[in-house]
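Here are some brief notes to read alongside the model.

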Amino acid sequence: MDETVCYIKPEFLVPRIPEEKKPEDVTPAAKADNGTEEPPAKKGRFDKKKKNRGQNKNRDLPFKEQDDARLCKTLLDGKLNSEKCSNPRCRFSHDLERFIQLKPKDIGDSCYIYSLKGYCNFGVTCRFAGAHLDEESNNKISEGIKREDHNLVSMCLSFDLQNQLRKKSYNYSKANKIISKFERLQKESKEEVDGLGSDTPKAKPIGSCTDEDLVKLRSPERKKINFKDKLYLSPLTTVGNLPFRRICKEYGVDITCGEMACSVPIINGMMQEWALTKRHPSEDLFGVQICGHNQKLVSYATQVIAEHADVDFVDLNLGCPIDLIFNQGGGSALLRRRNILEVMIQSCSRILADYDKEFTVKTRMGIYANKYVAHELVPKFEEWGASLVTIHGRTKEQRYTKKADWDYIRQCAQQAKSIPIYGNGDIFCYQDYLDAKERAPELAGVMVGRGALIKPWVFQEIKEQKNLDPSSNERMDMLKRYVNYGLEHWGSDTKGVENTRRFLLEWQSFLYRYVPSGLLERPPQKINQRPEAFRGRDDLETLMASPNCSDWVKLSEMLLGPVPDGFNFVPKHKANSY
């Protein structure tokens, strides 16, 4: 049997009916001068159809609401509780009656935010406003609840901090001092190596000597994280948002990490990037992943995150294969910039040590498919101060088109002396987890990425050591919870609803790949297996397995109401790797 095919039970297979070619679609054979038909010309080596990979860069822009169609925040609670807008240049609407007339129909009868908190801070603009508006369109509030306790703006980035970052007035003296120290040490060690062959005697130090440059300085009462035998959710760009991490926490994941945040937007005070550092109370072990190409920029971002974000650790991205990041010298490109990487890890780990936080590294095996370098770097990472290293068992060139090399991951784990090493790649069921632990017993734990996107209950499977087969109704309940968490995170107004819809559809571009265990001839499904055309055990299961974007939009409409006029969705990730 072909190991790349996911075999379905015969009763669930959908027969493929070959399409008949129309006469006008048939290309007439080229005829020679003598009237005889010539065989079609063979395709050359460069005439092959290019394989899709990476991102759909020409997709439509996300939903954007015009400012004059949005209601000023002073009128969110209705006329009774409104206060006069003090901004003479306010670009939002102040006509409450007109806004109510033009507002789209409510999506549902109950508001999740109101039922959870007793007060909906989106008031009149909420798409579930009928649950908490009185007859005069004033926003209701439950007894004992204060409006001041529920702010619209997330507190992950305060106004004062944003102002300092944008005006370049933030104090980075701590980072600058540590960076200059390690740059000096690197320069001195290089000069010492270059001067080994010379006859010039080395100058002896005068006075007492310290071991400060040899032994890493650490806080005496530093609380160390126990990374042993935990399940780690990989940082996932776009889809690894806070609502998705909450779903994974419900299924038993131990360590969560935010989406990759670029260091330059962080130190520039951009709200979109700082939103990636927001932590939910259910995330008991949470970190933020940063990416950058310059040791100063990454160290600055690490310092400001350590001082103002609620995180347990900061992770450095050394595996991003995206060309935009790679061409700037960040992500996996840092694997060939050893001097920059050395100072970056030394500085960041030393900065975080002062705040009792850990610094971790996530890397690929290397850049090129025929040249692995991770086994050489793991001892260096440990020496430079990293507290954990995660090895993704592919190179930058391979992206996701090859199986993860767990034998090489074990080779890397054997190079470490004291720090924990995690493995990452192709974990899709509890059997994959057991195989990985058997092939690499030196590993401290396992990280799960795409497997969690396709079936987030993989963490529950690993902990219970069995294959789960959730019904379509159970999976629909999971999507409902995700939508409620999304409305709480992004908002229940029109903009928040469409943001929730967009991220739900991005997630569905991975979810549809799951094949229920009850339909498989040889369970469990492997992550690189492509199924034959099949139907589910009911209509909802069939709809969830559809590869068609229009069917994903139907699913979103079942949860978030009709899409806006002219709505069109194309997934950000091509997601074509099996």
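1. Which residues does Thr494 touch, not counting residues up to four places away in sequence? The model is a predicted one, and in it the contacts of Thr494 are Phe63, Glu65, Thr125 and Arg127.

2. Thr494 belongs to helix 17, which covers residues 494–511. Its relative accessible area is 14%; buried means under 20%, so Thr494 is classed as buried.

3. Helix 8 runs over residues 295–308 and has 14 residues.

4. At the start of helix 8, Asn294 places a side-chain oxygen within 2.8 Å of the backbone nitrogen of Lys296.

5. Is helix 8 mostly covered or mostly uncovered? Helix 8 is mostly covered, with 10 of its 14 residues buried. Gln295 is one of the buried residues, and the others are Val298, Ser299, Tyr300, Ala301, Thr302, Gln303, Val304, Ile305 and Ala306.

6. On the cysteines, the structure contains zero disulfides. A disulfide is a covalent bond between the sulfur atoms of two cysteines. The cut-off applied here is a pair of cysteine sulfur atoms within 2.5 Å.

Conventions:
Residues are numbered from 1 along each chain as its sequence is written. This is a predicted model: local features need pLDDT of at least 70, side-chain atom pairs count only at pLDDT 80 or more; totals for chains, interfaces and linings use all residues. Side-chain values use heavy atoms; hydrogens and water are left out. Helices (H or I, at least four residues) and strands (E, at least two) are DSSP runs, numbered from the N terminus. The expected span of a helix is 1.5 Å times one less than its number of residues. Buried means under 20% relative accessible area, exposed over 50%, partly exposed in between (1.4 Å probe, protein chains only). A polar contact is a pair of N or O atoms within 3.5 Å; within protein, one must be able to donate a hydrogen and the other to accept it, and residues adjacent in sequence count only if both atoms are side-chain atoms. Contact means heavy atoms within 4.5 Å.
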